[in-house]
Amino acid sequence: MTATALRRATTSTALRRAGGALRHLVILSCVFALLFPLFWAGLTSIRPPNDLFSTDLIPATVSLENYRDAVFKFPIGMMLLNTVITAAGVTALQILVTVPAAYALVRFRPGWSHGLVLLAGATLIIPPQALIIPQFLLAAELGWRNSYLGLIVPQLAGCALPLLLLREYLAAIPTSLLEASVMDGARPGETLRMVVLPLLRPALAAVSILVFINTWNEYLWPTLVAPQASKTTIQTGLQLFANQEGPTSGALLAAAMITTIPVLVVYLFASRHIADAFLRSGIK
């Protein structure tokens, strides 16, 4: 190898390493920017009330007074229970509806299936606020205000994304498996239960966690349909807590940190399934 070629190879290697280091630096900067507010909120929540607005990175004194105020002066336990029931109910209802629908679109391929898929995709660009008034009037007419039915059932209108995701995953399943089950005498329902659902578990886990987190963070609909503090979810409750308690920012931060724990736990357990479902996308 000539000296010129050696210099070019060395320069190319150095440029690749510099590019890789720059990419990692950008990624780390983005991660830091995303996590720093949560980190700072956690540190602030364990400061004493008289040291709440200190700019010191590490608090001089650690205190759990803010957490005691959040737990004992505010019905955070009931609101967390309402939020868990609502998020789990919406997730179960959407999965119960979208799995058979996605299976029918892929298995039977009706002539209007493409139009239905386009219509489902079009609903994703409609702002949810545009449906709030008719949904609220319907829930009020049915007597569902301040109830789990009012919190859960109307959110079935947001099942377009789970339907599209499950349809794409089902389309990746080899048709030979479905045809083999038909040759063995299995009915469509039996094929769905015994063949499709076992293969669909990674996608179901991924879609479930996405729907669960989205429902957990929902604020507008619970505010309208369940305004009572004992009947609403935690996101609305935090706003009520701020209005009622005034400038007790420490207790509000502590309550906010408590509300993030269930979502973090669920995501940590399900993150592997999300990667399996949407990075590898189906059966190889």
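Modeller: Helices (H or I, at least four residues) and strands (E, at least two) are DSSP runs, numbered from the N terminus. This is a predicted model, in which local features need pLDDT of at least 70 and side-chain atom pairs count only at pLDDT 80 or more, while totals for chains, interfaces and linings use all residues. Residues are numbered from 1 along each chain as its sequence is written, and side-chain values use heavy atoms, with hydrogens and water left out.

Biologist: In which helix does tyrosine 169 lie, and is this residue buried or exposed?

Modeller: Tyrosine 169 belongs to helix α7. Buried means under 20% relative accessible area, exposed over 50%, and partly exposed in between (1.4 Å probe, protein chains only). Tyrosine 169 has a relative accessibility of 7%, so the residue counts as buried.

Biologist: Which backbone oxygen does the side chain of tyrosine 169 reach?

Modeller: A polar contact is a pair of N or O atoms within 3.5 Å; within protein, one must be able to donate a hydrogen and the other to accept it, and residues adjacent in sequence count only if both atoms are side-chain atoms. At 3.3 Å, the side chain of tyrosine 169 reaches the backbone oxygen of leucine 199.

Biologist: How far apart in space are tyrosine 169 and valine 106?

Modeller: In sequence, 63 residues separate tyrosine 169 from valine 106. In space, the distance from C-alpha to C-alpha is 9.8 Å.

Biologist: Which residues meet in a salt bridge?

Modeller: A salt bridge is a side-chain nitrogen of Lys or Arg within 4 Å of a carboxyl oxygen of Asp or Glu. The structure holds 1 salt bridge. With 2.9 Å from N to O, its partners are arginine 167 and glutamate 168.

Biologist: Why does arginine 167 count as buried, and why does glutamate 168 count as partly exposed?

Modeller: The classes follow from the relative accessibility of each residue. Glutamate 168 counts as partly exposed because its value is 49%. Arginine 167 counts as buried because its value is 19%.

Biologist: Which polar contact does the side chain of glutamine 94 make with a backbone oxygen?

Modeller: Glutamine 94 lies in helix α3 and counts as buried because its relative accessibility is 4%. Contact means heavy atoms within 4.5 Å, and beyond its neighbours within four places in sequence, glutamine 94 is in contact with residues including Leu156, Pro162 and Val211. A polar atom of its side chain lies 3.0 Å from the backbone oxygen of glutamine 155.

Biologist: Where is threonine 86, and which backbone oxygen lies 2.8 Å from a polar atom of its side chain?

Modeller: Threonine 86 is placed in helix α3, and its relative accessible area of 3% is why the residue is buried. Leaving aside neighbours within four places in sequence, its contacts include Tyr148, Gln155 and Thr233. The backbone oxygen at 2.8 Å belongs to asparagine 82.

Biologist: How much space lies in the largest pocket?

Modeller: Rolling a probe the size of a water molecule over the atoms shows where empty space is left. On a 1 Å grid over the protein atoms alone, a cavity is a set of points where a 1.4 Å probe fits but cannot get out, and a pocket is an open set with protein on both sides within 12 Å along at least five of seven lines; lining residues have an atom within 4 Å of a point. Grid points are joined across faces, edges and corners, and a volume is the space filled by probe spheres set on the points. For the largest pocket, the space is about 690 Å³.

Biologist: Which element gives the largest share of the lining of the largest pocket?

Modeller: The lining has 28 residues, and Pro128, Gln155, Ala157, Gly158 and Asn214 lie nearest the centre of the pocket. Elements giving two or more residues include α3 (76-107) and α7 (160-171). The largest share, 5 residues, comes from α10.

Biologist: Which element gives the most to the lining of the second largest pocket?

Modeller: The second largest pocket has a volume of about 150 Å³. Among the residues that line it are Ile213, Trp216 and Tyr267. With 5 residues, the element that gives the most is α13.

Biologist: Which element gives the most to the lining of the largest cavity?

Modeller: The largest cavity holds about 40 Å³ of space. Its lining includes Tyr103, Val106 and Leu170. With 3 residues, the element that gives the most is α3.
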